[in-house]
Amino acid sequence: MSTVTEVTPPAQAETSGTEAGRAAIINDFSIVACTKNGSGSQTANLTILRSFFKMGIPVVGKNLFPSNIQGRPTWYTIRASKDGYVARTDAAEITISMNPEGAQDDYNKTAPGGVFIYSETGDRDSVKVDMHRKDLSHYPLPVKKIADPLEKDAKLRTYGRNMAYVGALSWLIGIDRAVIEAALRYHFKGKDKPVQSNMAIVNAAYNWVSQNWTKTDPFQVEKMNATEGLIVLDGNTAGALGAIYGGVNFVAWYPITPATSLADALGDYLPILRKSPDGKPTYSVIQSEDELAAAGMIIGAGWAGARSMTSTSGPGISLMSEFTGYAYFAEIPCVIWDVTRMGPSTGLPTRVSQGDVLKAYYLGHGDTKNICLLPSSVYECFEMGWKAQDVAEKFQTPVFVLSDLDIGMNNWMSKPFDYPETPLERGKVLTEADLERLKGFARYRDVDGDGIGYRTLPGNKHPFSAYFTRGSGHNETASLTEKSPEWVANMNRLSRKFESARTHLAEICAPVVDEVEGAEIAIISFGSTDPAIAEARSRLTKEGYKISYLRIKALPLANEIKDFVAKHKHVHVIEMNHDAQMLQLLRLHMPDMATKLHACNLCDGLPLTAKWVSQAILSK
Amino acid sequence: MTTETPTASVPTAKANIPNINRPLPVKPAAPAVNRIGLAKPDYNGNESTLCNGCGHDSISAQIISAMYELGVNPNTMIKLSGIGCSSKSPAYFMNRSFGINTLHGRMPSIATGALITNHTLQGIGVSGDGDTGSIGFGQYKHLLRRNLRMIYIIENNGVYGLTKGQFSATSDQGAVLRHAGRNDYMPIDMCLEAIISGCGFVARSFSGNAKQVVSLLKMAYAHRGTAVLDIISPCVTFNNKEDSTKSYDWGRTHDERINDFGFVPNFEEITIDDFQENEDKIVTMHDGSKIVLNKVSAGHDPTDVNAAIRLCMDAREQKRFITGLIYVNPNSPSLAELEEVNNDVPLAHIPNEQLRPSKASLDKLIAGWK
């Protein structure tokens with residue numbers, strides 16, 4: 001997190017309502033709830049998020065959580081933005097401090113002119129900080145006094161106390177309690193009992209603060225109509241659903257943050273969505289002993305003809321290296337979701353990064369280049385979830401989907417997913433009848449000139465169907481060879497296949513281009529940097545800057561990216577890693593224009609802010 | 001478990017039941033074809049590139065015999081291996097079967113993915129002591145824990161051959177090799193490890209004992225889950241000194257058969273000639289095949305897990321080379337059964353229309369997130 005000296009002044013008030021002489025700030029601020037890990041604050045935070053969404057206010061929720069299980073501080077940020085900006089901001093205007101640990105730091109970081117709501121319980125759970133700032137509005141909240149009498153079960157009291165700040169906030173910024181109740185009903189899937197017990201605490205807190213607080217801050221929410229038709233979801237759930245609608249029928253995985261919730265979502269939704277007419281599962285999910293085995297299992301399944309996938313993150317990708325190379329050369333389809341995070345090992349496993357670009361692209365040994373899809377949103381997680389399955393079988397190769405912690409684990413507004421518009425693409429598979437007609441086949445022969453051979457699946461009953469699969473040293477007929485020309489020919493065919501993939505991806509995952517007439521400056525980026533770039537461009541445009549933007553959706557890089565670069569004088573490649581990895585790939589892709597491409601990267605474990613993007617571009 | 005439908009009529013002749021203690025029935029003239037109409041050469045593989053006299057080649061020959069005699073459809077069998085001399089051998093038998101030569105120590109995970117998504121295939125995996133006991137030890141143990149239905153052969157020679165003579169995890173403690181020097185560590189007992197991991201079929205044999213290997217392979221084929229065959233298979237180039245417990249000399253002079261058994265596959269009726277009341281115990285496999293154990297001739301009861309563990313421990317302690325069926329439990333469900341994917345249509349062949357849920361189902365989900 002940035003320090004207090006870097007914060008932006010609060011947004012200019014634009015509307016009429018005033019409190020204590022200050023112009024009201026409506027639907028344009030961030031809230032950060034600082035709670036204890038494992039205290040059940042998720043219900044409280046998601047209720048606030050969902051309430052804003054139900055009021056029609058554009059909103060985004062981000063969980064910033066250290067790698068702990070219980071007791072330590074965790075932060076949840078909710079941004080309401082009338083302009084529809086959903087990037088992280090440098091500082092929150094409203095700080096809700098429920099955890100004494102680190103509270104002073106949270107206090108200091110609150111945006112100028114902001115709000116500090118803090119737990120005052122008269123015991124060791126009380127937030128005690130030096131409240132020296134005259135610019136803040138301070139509101140004490142006796143959460144235990146309000147919530148504990150309403151919760152008979154002592155074990156549930158910590159959960160209830162977090163609902164107290166929801167009630168307090170509803171009074172302070174004007175969230176209709178009927179909306180809160182509707183949000184709770186959503187959260188508890190319509191179950192009355194928890195809705196009522198939580199609403200009792202919300203109401204108690206509302207009543208208490210209405211009698212004990214005097215509003216001295218300008219922050220308010222008002223109903224809008226900007227979320228009509230949209231949904232709120234996290235990227236990992238979207239990715240899992242994309243895979244399910246893409247026909248995945250075998251999943252092997254090993255727990256790892258931030259990819260676990262993708263496998264969890266598969267486990268949640270497959271039983272609902274995927275039964276055969278006689279009620280049997282049309283899928284299998286296996287939690288493997290490690291990521292090595294997960295890779296082996298999905299490759300075994302891909303070899304047998306299933307649509308297979310795994311979800312993992314950096315350390316798991318490292319373990320899958322040998323198997324990825326194997327599947328690349330043996331030409332076996334499978335899909336690997338890499339929900340990227342900081343690496344390696346432990347320390348920052350719950351922080352975001354785009355540090356696996358080069359690794360995933362080149363994963364393997366002995367000249368491998370892998371197809372990578374690069375979603376930037378919840379919507380694209382769904383889209384690439386099903387497309388990845390098609391691409392893997394079409395090109396008979398491992399396909400990576402590089403999402404990240406920010407997209408994957410946070411709650412985003414999204415337009416509803418579009419049902420896949422094309423039928424399942426199963427690739428070149430020969431049946432018994434095909435073999436009878438053809439009188440045989442050669443597994444690795446380039447019959448069609450696109451570098452993609454025809455394969456048969458184990459269990460094919462035709463006497464000519466069988467072949468022997470190996471990593472290296474095979475010729476066209478999949479026979480063992482150590483003859484150099486045969487292997488060279490195979491490598492050349494793989495290159496042709498890769499170029500076919502480049503052409504295909506340029507169609508189904510084409511770069512998203514927004515070319516501005518007369519712009520000399522341009523941005524190239526990919527993935528979860530998109531919201532910060534969108535906000536920065538919007539703000540810079542208002543200031544008169546002209547900046548074009550191209551967002552990459554797949555590797556290998558589309559050739560049209562060269563045309564885009566050619567049209568601009570300076571192209572800033574924005575990414576969240578230290579070595580400017582995408583920049584390196586772009587320079588290799590267009591060496592003659594390499595000097596036009598500039599590194600514009602940050603690797604600090606946090607989602608980019610629009611302010612950083614603007615400053616980074618303007619300072620070049 | 002699913003067995004393939006025979007494509008030729010089942011012969012009524014009594015099966016050749018190997019039983020080392022009884023005179024074998026007079027063998028009828030070798031039939032030209034087996035019960036599915038294939039000749040023995042239909043089970044052949046490529047010419048071996050292993051050293052002359054390698055134990056592994058004998059095992060390949062026994063696989064060909066066993067699968068031919070059982071009438072296994074080669075098109076529904078998949079051959080798998082890891083890396084090493086042993087792992088080259090799937091190319092040397094059953095060319096009409098799909099084969100996959102995977103990564104060092106990683107055959108179990110590939111097998112799991114392939115056989116869970118197509119449970120109608122029969123898997124036969126060939127590994128070695130390095131491939132299973134060292135680099136692949138974790139995957140081996142987890143394969144057994146999951147009870148994936150497949151035959152898992154460890155061609156155990158106590159040495160790394162392809163990399164020219166390093167010690168493996170099953171090398172004898174105190175063994176001395178020309179380049180590797182002296183091995184100070186305890187060998188891993190693959191059978192003991194299998195039993196304690198929950199494996200329901202554990203056998204040890206010697207590549208020089210063709211008859212025993214063939215009948216164990218047939219029994220392994222009938223097993224519901226993972227069937228482990230730890231077959232001592234001498235390396236003539238690097239580890240065939242007479243004092244090595246993995247040498248031909250040692251095998252021939254120390255082979256101690258712990259039980260006598262016959263096998264009646266499920267496509268044959270068991271007859272009165274197959275077993276002797278009061279003397280034999282019958283273990284019925286999940287597919288209906290029967291193992292006929294002679295209770296009198298040997299003391300070990302392979303259905304007793306504690307006895308099996310004790311036998312392995314004692315044999316290691318006393319340097320006894322025990323062969324035969326060490327442990328059998330035909331009742332544990334296989335992975336495909338546990339995962340409920342043992343339906344008529346294997347996962348890998350489910351039609352597209354069942355793989356993509358309806359648009360209405362997506363609309364319903366979306367309405368719920370609004």
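Me: Where does A:Pro258 lie?
Reply: A:Pro258 belongs to the loop between β12 (250–253) and α8 (260–273) of chain A; helices (H or I, at least four residues) and strands (E, at least two) are DSSP runs, numbered from the N terminus. The peptide bond that joins A:Thr257 to A:Pro258 is cis, with omega about 5°.

Me: Before going on, what kind of model is this, and how are residues numbered?
Reply: The model is predicted: local features need pLDDT of at least 70, side-chain atom pairs count only at pLDDT 80 or more, and totals for chains, interfaces and linings use all residues. Residues are numbered from 1 along each chain as its sequence is written, while chains are lettered from A and ligands numbered from 1 in the order in which they are written.

Me: On to backbone angles: what is phi of A:Asn27, and is the residue buried or exposed?
Reply: Phi of A:Asn27 is near 55°, a positive value in a residue other than glycine. A:Asn27 has 23 C-beta neighbours inside 10 Å and therefore counts as buried (20 or more other C-beta atoms within 10 Å of its own; exposed means 12 or fewer, partly exposed in between, with C-beta atoms placed from the backbone).

Me: And A:Lys189, buried or exposed?
Reply: A:Lys189 is exposed, with 9 other C-beta atoms within 10 Å. A:Lys189 sits in the loop between α5 (177–187) and α6 (192–212) of chain A, and its phi is positive, about 50°, although it is not a glycine.

Me: Changing topic, how many residues of chain B are in contact with chain A?
Reply: 46 residues of chain B are in contact with 53 residues of chain A, where contact means that C-beta atoms, placed from the backbone, lie within 7 Å. On the side of chain B that touches chain A, α3(B) gives the most, with 8 residues.

Me: Which strand of chain A pairs with β2(B)?
Reply: Strand β19 (residues 468–469) of chain A pairs with β2(B) in the parallel sense over 2 bridges; pairing requires at least two DSSP bridges between the strands. A:Phe468 stands opposite B:Gly99 in β2(B).

Key: Contact = placed C-beta atoms within 7 Å.
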